[in-house]
Amino acid sequence: MPTVVTPLRMFLFALALLSPGSYAQTAAPSSVPSSSAPLSPELSRRVEILIRAKASIPPEYDVLIGPRTHSFVPGFDAISVSFRTEGKTSRPMEFLLSSDGGTVAQFNRFDISRDPKTMIDPGARPSRGGSPQAPVLIVGFDDLECPYCAKMHAQLFPALLERYKDQVRIVYRDFPLDEIHPWAMRAAVNVNCVGAHSATGYWNLVDYIHAHAGDLGGEEKSIAKANENLDKLSMDEGRKQHLDEKELKACIDKQDQAAIRQSVKEGEALGVNATPALFINGERLDGAVSLEYVYRMIDGALIAAGQTPPPPPAPAVPQPTPAASSAPAPSTPASKPGN
């Protein structure tokens, strides 16, 4: 299994953030122990003093050191270290102790055997761009009432589709921030009601709502008016796409939020806490960044997939600056001071 290791210094920095009532957490032990032997009191004390000094462990914490066990590093055994205070004990952390008892180290191992692109399942969501076999999958967690999402939707995706064509596939997942965007959840439900039967209708609605979000509440900017307009837009789009009107209306009236809540839950598990959030073949991108940076991310994903990125866009040709016009000569002599 491919692994990435981090040295003791990085771990100790994190450990130094411990304060009463909080506990560090690490991955499960790296290997199954084949045998174990307790440390001598003298060696256990040396390990404890090192950890207390390097990580600034408060004196009210007890340092609990387990026996030697088998490790994945030749020449080192594994020992577990946990911390106890006020009757509570942290999860054990794995350290390495050299066979001669003279060196302590700590490594974290991370599994990178899985392709990050597969960590986010686009499911049967409507998509734009290439086919499901496109080398780059871009998943955006979207809020239809979010002004920053609307800006990204209007500027970023057209540029990506123009440059990469079918090399990228774009999918939206729902992440309505309904605590601050009161009609975002209804918008998500409605577009999904349409999208379940028409990808074209889904994207038509997403395009329109993002472009006109500020107008949906009417002059009074009311939630009721926004909801009314969302329902009308969705029914109108359903008719354009020849969807079953009765079935679509039943879906809109039901306002089943289960699938939307599940999408939010999956986004939160990936660390999403704001919108927009993009994942480019699994690599996360938050907030507003330059288009050139996004190009670099996609180009890197294409190269990793054995594809050739398109040539970079030609730089914009600077427009000539108009020559400054000279002021017309005064028609009458200027007045002299004192006149």
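This is a predicted model: local features need pLDDT of at least 70, side-chain atom pairs count only at pLDDT 80 or more; totals for chains, interfaces and linings use all residues.

Reader: Why is H4 called roughly antiparallel to H7?

Author: The axes of H4 (residues 184–195) and H7 (residues 245–254) cross at roughly 160°. Angles over 145 degrees count as roughly antiparallel, so H4 and H7 get that label. Their axes come within 9 Å. The crossing is right-handed.

Reader: Which residues meet where H4 contacts H7?

Author: From H4 come Arg186, Asn190, Cys193 and Val194. From H7 come Leu248, Cys251 and Ile252. Five of these contact residues are nonpolar, one is polar and one is charged.

Reader: How do you know that Cys193 and Cys251 form a disulfide?

Author: Their sulfur atoms lie 2.0 Å apart. The cut-off is within 2.5 Å, so the pair counts as a disulfide. The structure holds one disulfide. Cys193 sits in helix H4 and Cys251 in helix H7, 58 residues apart, so the pair links distant parts of the chain.

Reader: What makes this disulfide of Cys193 and Cys251 left-handed?

Author: The torsion about its S-S bond is about -80°, and therefore it is left-handed.

Reader: Why is Cys193 called buried, and what is Cys251 called?

Author: Cys193 has a relative accessible area of 5%. Buried means under 20%, so Cys193 is buried. Cys251 has 31% relative accessibility. That value lies between the 20% and 50% limits, so Cys251 counts as partly exposed.

Reader: What makes Cys146 and Cys149 buried?

Author: Cys146 is at 3% relative accessibility and Cys149 is at 0%. Both values are under 20%, so both residues count as buried.

Methods. Residues are numbered from 1 along each chain as its sequence is written. Side-chain values use heavy atoms; hydrogens and water are left out. Axes are lines fitted to C-alpha atoms, for helices over the stretch in contact, and angles run from 0 to 180 degrees between N-to-C directions. Helices (H or I, at least four residues) and strands (E, at least two) are DSSP runs, numbered from the N terminus. Angles under 35 degrees count as roughly parallel, over 145 as roughly antiparallel, 65 to 115 as roughly perpendicular and the rest as oblique. A crossing is left-handed if the near helix is turned anticlockwise from the far one by less than a right angle, and right-handed if clockwise. Contact means heavy atoms within 4.5 Å. Ala, Val, Leu, Ile, Met, Phe, Trp, Tyr, Cys and Pro count as nonpolar, Asp, Glu, Lys and Arg as charged, and the others, Gly among them, as polar. Buried means under 20% relative accessible area, exposed over 50%, partly exposed in between (1.4 Å probe, protein chains only).
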